[in-house]
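Hi everyone, thanks for coming. Let me put the model up on the screen so that we can go through it together.

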Amino acid sequence: MMDVEALNCQELVELVTDYLEGALAPGDVRRFEEHLGACDGCQAYLEQLRATIRLTGSLTPDDLSAQAESALLDAFRTWHS
Amino acid sequence: MEYRDEQLVAALRAGDEEAFRTVVREWHSSMLRVAQIFVPTRSLAEEVVQETWLRVLGALDRFEGRSSLKTWVFRILVNTAKTRAQREGRVVPFSSLHDPTRIPEAAVEPERFLPDDHDRHPGGWSAPPRALPEERLVASETREVIAAAVEKLPANQRAVISLRDVEGWSADEVRNALDLSEVNQRVLLHRARAKVRSALEDYLR
């Protein structure tokens, strides 16, 4: 019989962002970490999510086209003159 | 070169082209992502960004520094994009930013879990995720998979994950720029990251 207070895996994956953002209440952090400590699947899930965040952070933002940039600089010069 | 807000505003008011070029470049990608929440195409979003900068310049003398310059510019961007969307006859559902919880969305497909009436592990993994192979994680193809998954997201989720995880904004900066509640910012980020993770897992399986 499971502890009614305990989180299951399906519930944990929905709390991962709140956990990483520091938005969980202290009691929920405890339940989250207790579950995590005993669950390989959820540990792998969290690791995958961390890898996702890391890889997303390595994407290059879209560059401004030279044409758009020169149009804006022209507008800036006109505005300031 | 990095500018502090007051320095930046002063430099822009003084007509410093280098300062203007720096900030236009630095925020360009984020501005496009946000514009695309409201307008359907990349080229319209480019136009919205251009129009925003013209409005920003026109209003710069009235900027009082009550918010950060970034927040102020992005608020103008959102207004410009909304106006443009209306002119294009496009209805932007209010819910796209402000009511994301109205339609529930699971981070992981329910089929990956045991049923609620399972006798030993209700809601436990039936198909648990596994450790990802480190050598493939760093391959450039993997980054392309991530980029493609971000592109495929709904525009509101794409904007939030781009600002947070690509551009490195804080949660508060995103909330202020998009006028989002704390909860909705997190919901959009959660859903975006969950979908990108799922694409990564599928690819590396």
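I'll start with chain B and then turn to the aromatic rings.

A quick word on the ground rules: this is a predicted model, where local features need pLDDT of at least 70, side-chain atom pairs count only at pLDDT 80 or more, and totals for chains, interfaces and linings use all residues. Residues are numbered from 1 along each chain as its sequence is written, chains are lettered from A and ligands numbered from 1 in the order in which they are written, and side-chain values use heavy atoms, with hydrogens and water left out.

So, chain B: it has ten helices and zero strands, taking helices (H or I, at least four residues) and strands (E, at least two) as DSSP runs numbered from the N terminus. Of its 205 residues, 48% are buried, meaning under 20% relative accessible area with a 1.4 Å probe, protein chains only.

Now the rings. Phe, Tyr and Trp (its six-membered ring) pair if their centres lie within 6.5 Å; planes under 30 degrees apart are stacked, over 60 edge-to-face, and the rest tilted. That gives ten aromatic pairs over all chains. One of them is stacked: A:Y19 with A:F32, at 4.0 Å centre to centre and 15° between the planes. Because A:Y19 lies in helix 1 (residues 9-20) of chain A and A:F32 in helix 2 (residues 26-37) of chain A, the pair ties together parts 13 residues apart in sequence. A:F32 is buried, at 0% relative accessibility.

Finally, ring pairs link A:F76, A:W79, B:F20, B:W27, B:W53, B:F74 and B:W169 into a cluster.

Terms used
Buried means under 20% relative accessible area, exposed over 50%, partly exposed in between (1.4 Å probe, protein chains only).
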